[in-house]
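I opened this model to look through its fold, its charged pairs and its packing. My entries follow in the order in which I looked things up.

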Amino acid sequence: MARQEDSAFDERVVEINRVAKVVKGGRRFSFTALCVVGDGKGKVGIGYGKAKEVPAAIQKGMENARREMILVPMAGQTLIHKIVGEHGASRVLLQPAAPGTGVIAGGSVRQILEAAGIKDVLAKSLGSPSHLNTAKATMNGLVGQRRPDVIARLRGKTPEEVAPPGLLAAYRSTEMVRAHEGK
């Protein structure tokens with residue numbers, strides 16, 4: 001039963017890296033794997049695994065990614081608003097795009113957005129090009145989005161007063177679909 005549930009996820013390996021530990025007798029090599037797991041409906045997670053062999057590192061990374069999955073707020077098939085995610089020296093600009101634009105991003109940012117099910121977005125990696133830091137910056141940006149109803153409540157207004165009607169309709173339809181699937 002659990003095996004069938006795992007196949008519903010989109011699992012991707014972003015990067016495999018060979019790392020070395022210098023010891024008295026020479027170097028000890030091991031492998032790291034940066035993995036992304038998503039359901040294509042707004043849930044996504046990243047994981048980092050390290051082991052002596054590549055398959056073991058990938059397995060650890062996938063398990064870690066499944067544990068760390070988050071729910072991304074979306075308006076239809078794009079983001080709610082423009083945001084810059086930061087982690088370390090990496091910064092990632094994520095910007096909603098019109099329907100039909102596609103995922104305009106590269107590297108680990110593209111893998112994460114596609115696994116999450118985001119179809120229309122513009123992204124730009126700023127700062128450090130490290131795959132791990134860029135991936136974490138992307139996740140921080142996705143988590144940092146503010147929902148229209150939360151912003152309205154903070155301002156003491158209704159969501160209709162703070163968000164454009166099209167965005168609000170797309171956001172509400174996405175939330176209704178998620179609520180219906182959750183039952």
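Entry 1. The model is a predicted one, and I read every value below as computed from it. Which side chain does Glu 114 meet in a salt bridge? I found Arg 12, with 2.9 Å from N to O. Arg 12 sits in strand β1 and Glu 114 in helix α3 (residues 107-116), so this pair ties together parts of the chain that are 102 residues apart in sequence.

**Entry 2. Other salt bridges.** I counted seven salt bridges by the rule used here. I looked next at Glu 11, which forms one with Arg 66; their closest N and O atoms are 2.5 Å apart. This pair also links distant parts of the chain, as Glu 11 belongs to strand β1 and Arg 66 to helix α2, 55 residues apart. I checked the accessibility of both partners. Glu 11 has a relative accessible area of 35% and is partly exposed; Arg 66, at 27%, is partly exposed too.

I then went to the pair of Arg 172 and Glu 160, where the closest N and O atoms lie 3.0 Å apart. I noted a relative accessible area of 37% for Arg 172, which makes it partly exposed. Glu 160 is partly exposed as well, at 48%.

Entry 3. I counted seven helices and eight strands in the chain. Four of the strands form an open sheet, in the order β1-β2-β3-β4, with antiparallel pairing. Its edge strands are β1 (10-23) and β4 (70-71), each of which pairs on one side only. I looked at how β4 is attached: β3 (residues 43-51) pairs with β4 in the antiparallel sense, over two bridges. At one position I could name the bridge partners, Val 44 and Ile 70, the latter in β4.

Which strands does helix α2 touch as it packs on the sheet? I found that α2 (residues 54-67) touches β1, β2 (26-38) and β3, and that its direction makes about 145° with that of β3. Helix α4 (residues 131-143) packs on the sheet as well, touching β1, β2, β3 and β4. For α4 I noted an angle of about 155° with the direction of β3.

**Entry 4. Nonpolar cores.** I found 24 residues in the largest nonpolar core. Those with the most contacts inside this core are Val 36, Val 44, Leu 94, Ile 112, Leu 113, Ile 118 and Leu 142. Two or more residues each come from β2, β3, β6 (90-96), α3 and α4. Helix α3 gives the most, with five residues.

I took Ile 118 for a closer look. Leaving aside neighbours within four places in sequence, its contacts are Val 72, Met 74, Gln 77, Thr 78, Leu 79, Val 103, Leu 113 and Leu 142. I also noted a second, separate core of eight residues, with Ala 33, Cys 35, Ala 57 and Met 69 among them.

**Entry 5. Lys 50.** I placed Lys 50 in strand β3. Not counting residues up to four places away in sequence, Lys 50 touches Val 19, Ser 30, Phe 31, Thr 32, Ala 57 and Lys 60. I also looked up its separation from Lys 119: 69 residues in sequence, and 31 Å in space from C-alpha to C-alpha.

**Entry 6. Whole chain.** I noted that 36% of the 183 residues are buried. The C-alpha atoms fill a box of roughly 70 × 45 × 30 Å along the principal axes. Of the contacts between residues at least 6 apart in sequence, 56% join residues at least 24 apart. The chain exposes about 10,400 Å², of which carbon and sulfur atoms supply 53%.

Definitions and conventions: Residues are numbered from 1 along each chain as its sequence is written. This is a predicted model: local features need pLDDT of at least 70, side-chain atom pairs count only at pLDDT 80 or more; totals for chains, interfaces and linings use all residues. Side-chain values use heavy atoms; hydrogens and water are left out. Two strands pair if DSSP finds at least two bridges between them. Contact means heavy atoms within 4.5 Å. Axes are lines fitted to C-alpha atoms, for helices over the stretch in contact, and angles run from 0 to 180 degrees between N-to-C directions. A salt bridge is a side-chain nitrogen of Lys or Arg within 4 Å of a carboxyl oxygen of Asp or Glu. Buried means under 20% relative accessible area, exposed over 50%, partly exposed in between (1.4 Å probe, protein chains only). A nonpolar core is a set of buried Ala, Val, Leu, Ile, Met, Phe, Trp, Tyr and Cys residues joined through side-chain atoms within 4.5 Å. Accessible areas come from the Shrake-Rupley method with a 1.4 Å probe; for residues, only the protein chains shown count as cover.
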